[in-house]
Amino acid sequence: PDAPTPEASPEKADVALPHGATPGIRFEKVVKHFGDNVVLRELDFTVEPGERVTLIGPSGSGKTTILRLLMTLEKVNGGTIFVGDTPLSHMDRGGKLVPANEKHLHEMRKQIGMVFQQFNLFPNMNVLRNLIEGPVRVLGLSKDEAVERARGLLDMVGLADKIDAHPSQLSGGQQQRVAIARALAMQPKVLLLDEVTSALDPELVVGVQDLLRDIARESDLTLLCVTHEMHFARDISNRVLMFDKGQIVEEGPPEQIFGEPTEQRTKDFLQAVL
Ligand code: ADP
């Protein structure tokens, strides 16, 4: 089990991964509710450029909502989210929420990649097309450039031989590797991971986690990860935020949160999941 996974070797990762300046993320007094259900209450937190942060905490505490807000799949009800220096919205004088203009949002979205629990590959496209669609349409790469990038990434995730396969012909673990490669094909600066191994058969979990750990460590990506797998959180992050009822209960390096948590809610949560 200690043998290095060949598909995720740092040398290969180094070639295919995005490098260079990455923006951080900042939540300032962010409020989000769904009807009467207040999910985030004036939430403040920052992820520094290149930092790798994992959100842990009970189900329903608002972790996925944070990622969805960043992807602009949801809108805040108050406060401001910044990606780098760009606010995703602001309040006008009347206290009404105004989203950033679409051009800014488009530029910002290009910087953020997300990998979902359910892979979300395009089912009607083969692996190659899944990987080149975004780079060609959104980034304006030539098809040749996009194909070359796709090949490099498939090599890195250990699926070079599946380039013509359709998602339905792949195992869950393979689909998730393709989804990871697809996210990276857009050369994001920020990578969001939402419970990326929850839908996988148990024997496939470690391979995908090891791949992501190597990618995270070998790149300059800013990472925000939501997971119920505490050893993965420990492995992948520099900092862990323990979250409950829309607020941060406790935060610190993984050794501290998992080794010597100070808050009772953290202790109870860890006892329940470990
Ligand atoms: P977590 O990821 O920590 O499990 P979520 O962010 O998924 O938590 O959910 C937080 C709360 O927001 C839950 O009470 C959930 O029911 C609610 N919620 C999330 N998305 C929606 C939505 N689209 N409509 C209504 N309620 C939602």
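I began with the ligand and noted the residues around it as Phe 34, Asn 37, Val 39, Ser 59, Gly 60, Ser 61, Gly 62, Lys 63, Thr 64 and Thr 65. Asking which elements give two or more residues to this shell, I found strand 2 (37-47) and helix 2 (63-70). Helix 2 gives the most, with three residues. By class I recorded two nonpolar, seven polar and one charged residues in the shell around the ligand. I keep in mind throughout that this is a predicted model.

Next I looked up the annotation: UniProt, in an unreviewed entry, lists residues 25-270 as "domain: ABC transporter". For that span I noted 38% helix and 27% strand, with the end C-alpha atoms lying 26 Å apart.

I then turned to the sheet, where six strands are arranged in the order 8-9-10-3-11-12, forming an open sheet with mixed pairing. Strand 8 and strand 12 (247-252) stand at the edges and have a single partner strand each, so one side of each is left without a neighbour in the sheet. On average, and with direction ignored, neighbouring strands of this sheet are turned by 20° against each other.

What does strand 8 pair with, and in which sense? I found that strand 8 pairs with strand 9 (residues 190-194) in the parallel sense, over four bridges.

For helix 6 (residues 172-185) I checked the length: its 14 residues should span 20 Å at 1.5 Å a residue, and the end C-alpha atoms are 20 Å apart, which agrees. Helix 6 is mostly covered, since 13 of its 14 residues are buried. Just after this helix, I noted that Gln 187 takes a positive phi of about 45°.

Helix 7 (residues 202-218) has 17 residues and reaches 25 Å from its first C-alpha to its last, close to the 24 Å expected at 1.5 Å a residue. Its buried residues, as I listed them, are Gly 207, Val 208, Leu 211, Leu 212, Asp 214, Ile 215, Ala 216 and Glu 218.

Conventions:
Residues numbered from 1 in each chain as written. Predicted model: local features only at pLDDT ≥ 70, side-chain atom pairs only at ≥ 80, totals over all residues. Near = placed C-beta within 6 Å. Nonpolar A, V, L, I, M, F, W, Y, C, P; charged D, E, K, R; others polar. Pairing = 2+ DSSP bridges. UniProt positions renumbered as here; feature names shortened; annotations may be inferred. Expected span 1.5 Å × (residues − 1). Buried ≥ 20, exposed ≤ 12 C-beta atoms within 10 Å, placed from the backbone. Axes fitted to C-alpha atoms, helices over the stretch in contact; angles between N-to-C directions.
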